[in-house]
Amino acid sequence: MRKIQEVLENRNGNYILPFYWQHGEDEATLREGMKRIHEAGIGAVCVESRPHPEYVGPKWWEDMDIILDEAKKRDMKVWILDDAHFPTGYLNGRLAEFPQARKQLVVHYCIDVVGPTKGTSFVIKLEDEEKLLGVVAARRDRKNKESMADLVDISDHVQGQKVYWDAPEGLWSVVIIKTTYKGRDRQTHGNMIDRATVRLLLDICYEPHWEHYKDEFGKTIAGFFSDEPQMGNSGGASMPGIAQMGNLAMPLSWCGEMEENLKEQWGPQFLLALTACWYEVKDMSPAARLSYMDNVSKLFEVNFSQQLGDWCREHGVEYIGHIIEDNGSHARLGHGPAHFFRSLWGQDMSGIDVVLQQIRPGLEDTEFYRIDGQAFYNGKLFHNILAKMGSSLGHMDPKKKGRTMCEIFGAYGWSEGLKMMKWLTDHMLVRGINWYVPHAFTMKDFHDPDCPPHFYARGNNPQYPYFKYVMNYMNRVSHLISDGRHVPMVALLYSAEGEWMDYKTSQPLEEVALELNRAQIDYEIVPEDVLVTCRAEDGTFMVGGEKMQALIISARGCISERMYHWCEEAAACGVPVYFVDGQPKVVQPLAIAESVLPEKPVGCVIGLEELVPELKGKGMYEIECDSAQPYLRYYHYVQNDGDLILFFNEDPVNAIDTWVKVPMNGEVCWYDAFDNVLRRAEVDGDKVKLTLTPYQALVLCNDQNGAFAPEVDGNAEVAAELKEWQLTLMPAGKDDLCVVEEAELVNLAAADQYQEFSGTMIYETTVIMTEKYKTIAMDLGDVYETAEVWVNGVSVGVRVAPPYTLIIDGDVFVQGENDMKIVVVNTLGHQQSQQDRFGMTLPQEPVGLLGPVVIKGVK
């Protein structure tokens, strides 16, 4: 395969553009930063003001001149984060100059009244710049504060600052609905659904870069990056439900275009529908909420994402970035953009981010504590659908060319080292993520408390010399899973519309995804917008050039009418359509009408626990293990000249040892991307022996007819005697050394050892080889966490994560005495444990070489 040969010959492309934070450093420091990034095997940067004192001012242009000069010397590309401070929409801090760009919201307050009454009036309170939209009266349910009925528009009863209305018998609420600029979140940021406001962002942040560097656009300057743009109407992205439709107190995002659209679509029931967005109104709320969210998410898509993307493409560069997906925000207001796929549709790559310990080994099926140790993350969401949403979009939108970017590693704290970074990288690669924005390089004086770890940290990160090994690995595998085609089995319907209509009955998409992942049934997450354009034929349908054998719809109380009709047509063409745990009600679009059950149910209702057996019973799988492997993940990718399957063991504790049936023809072999070598595969018919330690990933590919790396089988014999160890401790950031003679291989962070040690540990010994061996296998045992082995002054291998084994050419050893040195480097977690608020909730691993070190040989 051409791609395999390219990586073996180190001719792969660059797929990495780390954040390079700018604070206004001097020229020498900026140039050193670019040097360190390039030395790490990286061919691009994303320049971010963090914050820079003069973004798009004289000092910014001076610094950009330096960065661009260094980039051209090193043949690197430069991306630019598109605002002075995240999230995008800050308008370089100039919002006060443009009051029309502020976030506009629709809010309401209620006045309860017990009827019947006569001559009653109710106060309309409008503060500065607020506008009355109207007044609705609704019957209250004494047993359910969220429920209203018998809605009536009484706006024509408004006189001056009061509304005069005689309440009928019973408990009623008078709902005063108004627009306001007074919000509770992101008040320093503009209104991202307003087209004119986004045009201001272009004028303030994009156009000046074009004016200064138009000759570099499309050459050295590759494009712009939007970071976490959001509705910003309500805070609390990590608090479930706070930004969901049906939250009584939530302000609704608004703008003039939104008001015009909804008045046209809803007609005389405009105010009633708005009320139904907050309250449960029978036969009205699902349709109203669907319509509102449909409109607001499309405005975000068109006015924000598409407008910025179009500007970039017109100027010869690309537009990338990501939104906040946390705990369901991807389909909500607040810190979200209302719809993941729409919000990124204007970009040239799909994008996600993983920061703040949102993904951690072994926590894919539970809630777990976040960095403050008090609130929780939804582990199922982050582990099971985040990356898949991203790669699915990358596959289905032609302008993205199969590319999905992940901002990764940031704000995990100093206890995150290369071992965790390698695991996170594999977690993303095996889900189709093939571009990366490592977070981050900073040249601010150490210790910079801003969201560590920092990869270089002005020379204070002891693992920096080995960071390039992870970057090289990342680039190699990304190269292999680019420019081809992913092979999924089924489509999983994106859950946004179901949640909008009735979040209480909407099953989180990740519940289904977890079951599919554990059964090795691969899938794409497909939004309604894309699905309804797909044609079903002969029992399958195509999405972005990928064949789907079934559609799975996670449990929900409601389904849109257009989605129901597509399912009806697909089922008639033989496509299996599975509704998990119940048939939803059908809601008519853009109208306030009664929800109706279809005369004839569509598809098949199936329990979640029955889904996997059903799919496997119908042959909707391509990977089959001899034994259950719930932590095995795979990614099948087709190039023009062959197939690749990436396997990854996500289990942080247990190894995988099984035979696996694979859908590949002809001879196959393993590609080890970390060592960049081919290894023989043990094959039995259509099955391959799969052995993976925790943290290990391998690529199965068509046989390359090339040279295989040396191997050592189970019959190898113990080949060497190891003398006493001498240990030299080199604390990070300090000049003092500590030499320990006759050192034992123990945890150096134990209570009776060096509890706060971070840095480099050099273990030296003499290896006695009584015979000569052709190939040597060295097992280092337990290592924490990066290890480089030197034999007789020659480096023979580096490991940053399990397996800590090396296969070495026997000629490196001589018969008799050999000098061996094992350099072990840990993270700064122990040293910075009291200063690092981000790392306090990551367990601190042991420190050092714990062994046992075993050397075996084959003659």
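Reply: Start with burial: Y206 and W311 are both buried. This is a predicted model. A pair of aromatic rings is described by the distance of the centres and the angle of the planes.

The structure holds 33 aromatic pairs. Y206 and W311 form one of them. Their ring centres lie 5.3 Å apart, and the planes make an angle of 85 degrees. That pair is edge-to-face. It also links distant parts of the chain. Y206 sits in helix α4, residues 195–213. W311 sits in helix α7, residues 285–314.

Now turn to W210 and F217. Their ring centres are 5.1 Å apart. Their planes stand at 80 degrees, so this pair is edge-to-face, the cut-off being over 60 degrees. Burial needs a relative accessibility under 20%. F217 has 7%, so F217 counts as buried. W210 has 23%, so W210 counts as partly exposed.

These residues belong to one group. Ring pairs link Y206, W210, F217, F224 and W311 into a cluster. Among its members, Y206 and W311 are buried, F217 is buried, and W210 is partly exposed.

Two charged side chains lie over aromatic faces as well. K263 lies over the face of F270, 5.5 Å from the ring centre. R837 lies over the face of F838, at 4.2 Å from the ring centre.

How values were computed:
Residues are numbered from 1 along each chain as its sequence is written. This is a predicted model: local features need pLDDT of at least 70, side-chain atom pairs count only at pLDDT 80 or more; totals for chains, interfaces and linings use all residues. Side-chain values use heavy atoms; hydrogens and water are left out. Rings of Phe, Tyr and Trp (its six-membered ring) pair if their centres lie within 6.5 Å; planes under 30 degrees apart count as stacked, over 60 as edge-to-face and the rest as tilted. Helices (H or I, at least four residues) and strands (E, at least two) are DSSP runs, numbered from the N terminus. Buried means under 20% relative accessible area, exposed over 50%, partly exposed in between (1.4 Å probe, protein chains only). A charge sits over a ring if NZ of Lys or CZ of Arg is within 6 Å of the ring centre and within 35 degrees of the ring normal.
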